[in-house]
Amino acid sequence: MRTNLERRLRNRGPDGVVYPDYAGHCFTNVPGSIGEALNMELGRSVAGNAIPTDDIDTVICVLLDGLGIERFRRDGDSVSLLRRLSDAGSVSTLTAPFPSETAAAIASFHTARPPAAHGLLGGTLWCPAVGRVLRALRFAVPGGEPESGVQFGLDSGILNDGDTIHQRLTNAGVASHCVQPTPTTTGTYTDAFLAGATRHGYDDPTEAGRLLRRSVTDAAGGPSFTYCYLPHVDITSHAHGPDDDRYRTAMRDACAGVESGLDAIQASDAVDVDRTLVVLLADHGHVSADPERFTRFDADPVIADAMAAGPPPAALTGGPRSVFFHLPPGRLDGVRRRLEGRYDGHVFTRAEALDELGLFGPEPGARARARCGDLVFVPGADGAGGELLASEKHSYHGGLSEREMLVPLIAARLGDLD
């Protein structure tokens, strides 16, 4: 059943397009509400009373990567953790930021800043200092090994030029812990956005639950924040699509591990469960995709001719559902006509995306302006495009469709969890 809020958010844009609600109900505002619950200022909070903020000492935040609101409505009752949290607390809807991609959204969560402010606008970005495209999560140049960006003199400052919520929490006397898959506890992207947090790596969801319990109980006696990242739904959706039975299995398995950890915290009496807040949310949803229909924009003769016409930057960055065209001078109008005349989707100039519509958030900084590209193309329906397709995927995200942009938010006190 759609709530009035969900209906309003669905209408934030034309023809099935959802624009981010940075001023009210957006994923980027959740850290602000967490800070409010812990009696400190981290950023703008979620509007209304979606997240309890009174009489809280301990906050546990579970991020289920890739769970859109439609799949949550479809499958939530069959997943014990989601059902129990929903029954114990409040269920609301948020918009993802734009682009609805993990790299940008996770950066927003750990800095409490929208993409316009931190400047990481997608999975790949243009780095003018070295004349290279960089894949943010892997910190790699295209075709290079993970962390190959270091070979070109790049470091974590290219990803984040500010502090993190974990540094602010720690400086305020709040213990901050992050529980993540072991491979994601190290690397330049992680160093950029988890600075200040104590990191714990897990190899399976059951171990994630044990580490969650240990992080919370070890911090008992003082205020604490523990973040648990679950990528399983996102990975499985890319590999098999969001309608595959393996998608549901991945969701149940990931949530079962966290559920066991929460139950163990309840049973331990280490913390006051009535003063412990559990927040579960997602960063984006997915749209189904046919790998055979991926559009190679660099193979379009008109676009290829325009890209080759002048000095760099002449590159495609962003992601398959939010493609940024960095064009030589004088080529914008021709490429825009080509995109609008040949491809299904929405085309925005830099000024339209950044200033007129505020797609990346308010008050865009210099990094966002440089990395946005001259044109932003958001494919329609189940379309996707870019340059070389790195791997065959059966779903994508990054665009402005309802399935990508609307995500669940559940908040409950641990003491109310039956």
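The legends below describe close-up views of helix packing, salt bridges and aromatic pairs in a predicted model. Residues are numbered from 1 along each chain as its sequence is written, and side-chain values use heavy atoms, with hydrogens and water left out. Local features require pLDDT of at least 70 and side-chain atom pairs count only at pLDDT 80 or more, whereas totals for chains, interfaces and linings use all residues.

**View 1. Packing of helices α10 and α11.** Helix α10 spans residues 232–240 and helix α11 residues 245–268; helices (H or I, at least four residues) and strands (E, at least two) are DSSP runs, numbered from the N terminus. The two helices pack at an angle of about 170 degrees, with their axes 9 Å apart. Axes are lines fitted to C-alpha atoms, for helices over the stretch in contact, and angles run from 0 to 180 degrees between N-to-C directions. α10 and α11 are therefore roughly antiparallel (under 35 degrees counts as roughly parallel, over 145 as roughly antiparallel, 65 to 115 as roughly perpendicular, and the rest as oblique). The contact (heavy atoms within 4.5 Å) involves H232, V233, T236, S237 and H240 of α10, together with R246, Y247, A250, M251 and A254 of α11. By class, this contact has 5 nonpolar, 4 polar and 1 charged residues; Ala, Val, Leu, Ile, Met, Phe, Trp, Tyr, Cys and Pro count as nonpolar, Asp, Glu, Lys and Arg as charged, and the others, Gly among them, as polar.

**View 2. Salt bridge between D243 and R74.** A salt bridge is a side-chain nitrogen of Lys or Arg within 4 Å of a carboxyl oxygen of Asp or Glu, and by this rule the count comes to 30. D243 and R74 meet at 2.9 Å, N to O. D243 lies in the loop between α10 and α11 and R74 in helix α3 (residues 69–75), so that the pair links parts of the chain 169 residues apart. D243 is partly exposed at 45% relative accessible area, as is R74 at 32%; buried means under 20%, exposed over 50%, and partly exposed in between (1.4 Å probe, protein chains only).

**View 3. Salt bridge between D55 and R275.** The N to O distance of this pair is 3.9 Å. D55 is located in the loop between α2 (30–37) and β1 (58–64), and R275 in the loop between α11 and β8 (276–281), 220 residues apart. D55 is exposed, with a relative accessible area of 52%, while R275 is partly exposed at 28%.

**View 4. Aromatic pairs formed by F360.** The structure holds 10 aromatic pairs; rings of Phe, Tyr and Trp (its six-membered ring) pair if their centres lie within 6.5 Å, and planes under 30 degrees apart count as stacked, over 60 as edge-to-face and the rest as tilted. The ring centres of F98 and F360 are 5.3 Å apart and their planes stand at 45 degrees, so the pair is tilted. F98 occupies the loop between β2 (90–95) and α5, and F360 the loop between α14 (350–356) and α15 (366–371), 262 residues apart. For F324 and F360 the centres are 6.1 Å apart and the planes at 75 degrees, so this pair is edge-to-face. F324 belongs to strand β12 (residues 322–326). F98 is buried at 0% relative accessible area, F360 is buried at 0%, and F324 is buried at 1%.
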